[in-house]
Amino acid sequence: MITAAQMRAARALLGIDQRQLAELSGMSLPTIQRMEASEGNVRGVVETLTKVIEAFNRAGVELIAEDAASSGGGRGVRFKEPAPRPD
């Protein structure tokens, strides 16, 4: 699974816009826009999701699933549950 927030964050790490991601993944710009406008997990055809994930991998960004270990080396950023705020 990939979330819309992961897609936006990955693009930001690469310094690319939605149009460039569309070109890298072989998808249309409206498809990328629709994916990033999703709430939570991106829904779509498995082949489309795979192409986007592969484009990020080729560009050097690893998308890490929740509770999964990172298989790559290098620096990174990971989402986590925020600490509860004291009352």
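A nonpolar core is a set of buried Ala, Val, Leu, Ile, Met, Phe, Trp, Tyr and Cys residues joined through side-chain atoms within 4.5 Å, where buried means under 20% relative accessible area with a 1.4 Å probe and protein chains only. The model is predicted, so local features need pLDDT of at least 70 and side-chain atom pairs count only at pLDDT 80 or more, while totals for chains, interfaces and linings use all residues. Residues are numbered from 1 along each chain as its sequence is written, and side-chain values use heavy atoms, with hydrogens and water left out.

**View 1. The largest nonpolar core.** This core has 16 residues, and those with the most contacts inside it are M7, L21, I32, M35, V42, V52 and F56. Two or more residues each come from α1 (4-14), α2 (18-25), α3 and α4 (46-59), helices being DSSP runs of H or I with at least four residues, numbered from the N terminus. The most is given by α4, with four residues.

**View 2. E36 in helix α3.** E36 belongs to α3 (residues 29-36) and counts as buried because its relative accessibility is 6%. Its side chain joins that of Q18 in a polar contact of 2.9 Å, that is, a pair of N or O atoms within 3.5 Å, of which, within protein, one must be able to donate a hydrogen and the other to accept it, and residues adjacent in sequence count only if both atoms are side-chain atoms.

**View 3. Helices α2 and α4.** These helices pack at an angle of about 100°, with their axes 8 Å apart, and are therefore roughly perpendicular to each other, a term for angles of 65 to 115 degrees. Axes are lines fitted to C-alpha atoms over the stretch in contact, and angles run from 0 to 180 degrees between N-to-C directions. Contact, meaning heavy atoms within 4.5 Å, is made by L21, L24 and S25 of α2 and K51, V52, A55, F56 and R58 of α4.

How values were computed: Buried means under 20% relative accessible area, exposed over 50%, partly exposed in between (1.4 Å probe, protein chains only). Angles under 35 degrees count as roughly parallel, over 145 as roughly antiparallel, 65 to 115 as roughly perpendicular and the rest as oblique.
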